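Let's walk through this model together, one spot at a time.

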Amino acid sequence: MDELVRTEELRVSDVERRTVQDRLHRAVGTGQLDLHEFDERVQAVWAARTRGELDRVTRDLPEPPPPPPPAPRHRVFSDTGGGTAMRVLTTVWASVVAVNVVVWLLVSLGNGDPAYPWFVWLAPSGAVLAVLYATGIGRPRR
């Protein structure tokens with residue numbers, strides 16, 4: 001047993017068969033194979049015992065194209081100091097408003113009558129944040 005085994009004579013595992021089957025599945029998705037040919041090739045994949053037999057199943061298929069790059073993430077705030085400040089201030093403001101609305105709702109349900117909506121007094125600070133953002137502070141450049 002001193003002789004080296006050629007690569008195409010090596011036995012294949014189920015993991016390798018699954019990889020080739022996935023490649024065939026992508027080939028069907030891109031229109032390189034029809035379903036009948038896909039079925040025949042998948043049967044050949046699972047009957048294959050060596051890497052050479054697996055290679056023959058996909059030899060005529062071109063390499064799949066690389067996946068498209070992910071879409072750029074839409075940023076609301078810039079990565080500058082102004083953007084960080086606006087992100088923090090907006091998060092704090094929204095949290096305070098949410099807590100005030102929940103407390104107002106609980107008090108109103110507990111009394112049976114709607115309580116005075118004191119959370120409206122937070123609207124001016126929200127308007128200030130909106131005006132700062134509208135003037136460009138914290139906004140990403142386009």
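Predicted model: local features only at pLDDT ≥ 70, side-chain atom pairs only at ≥ 80, totals over all residues.

A pocket here is an open set of points on a 1 Å grid over the protein atoms alone, where a 1.4 Å probe fits and protein lies on both sides within 12 Å along at least five of seven lines; lining residues have an atom within 4 Å of a point. Residues are numbered from 1 along each chain as its sequence is written, and side-chain values use heavy atoms, with hydrogens and water left out.

Which residues line the largest pocket? They are E16, T19, V20, R23, R26, R51, L54, D55 and T58. Helix 1 (14-29) gives the largest share, five residues, and both helix 1 and helix 3 supply at least two. Helices are DSSP runs of H or I with at least four residues, numbered from the N terminus.

Next, find T50 in the loop between helix 2 (35-47) and helix 3 (51-58). T50 is buried, at a relative accessible area of 17% (buried means under 20%, exposed over 50%, partly exposed in between, with a 1.4 Å probe and protein chains only). Apart from its neighbours within four places in sequence, T50 is in contact (heavy atoms within 4.5 Å) with E8, E9, L10, R11 and V12. The T50 side chain also reaches the backbone oxygen of E8 at 3.4 Å.

Now for the rings. The count comes to two aromatic pairs, where rings of Phe, Tyr and Trp (its six-membered ring) pair if their centres lie within 6.5 Å, and planes under 30 degrees apart are stacked, over 60 edge-to-face and the rest tilted. F77 and Y133 have ring centres 5.7 Å apart and planes at 80°, so this pair is edge-to-face. Because F77 lies in the loop between helix 3 and helix 4 (81-111) and Y133 in helix 5 (residues 123-134), the pair ties together parts 56 residues apart in sequence. F77 is buried at 15% relative accessibility, whereas Y133 is partly exposed at 26%. W104 and F119 form an edge-to-face pair too, 5.3 Å centre to centre with 75° between the planes.

Terms used: Polar contact = N/O pair within 3.5 Å; in protein donor to acceptor, adjacent residues only side chain to side chain.
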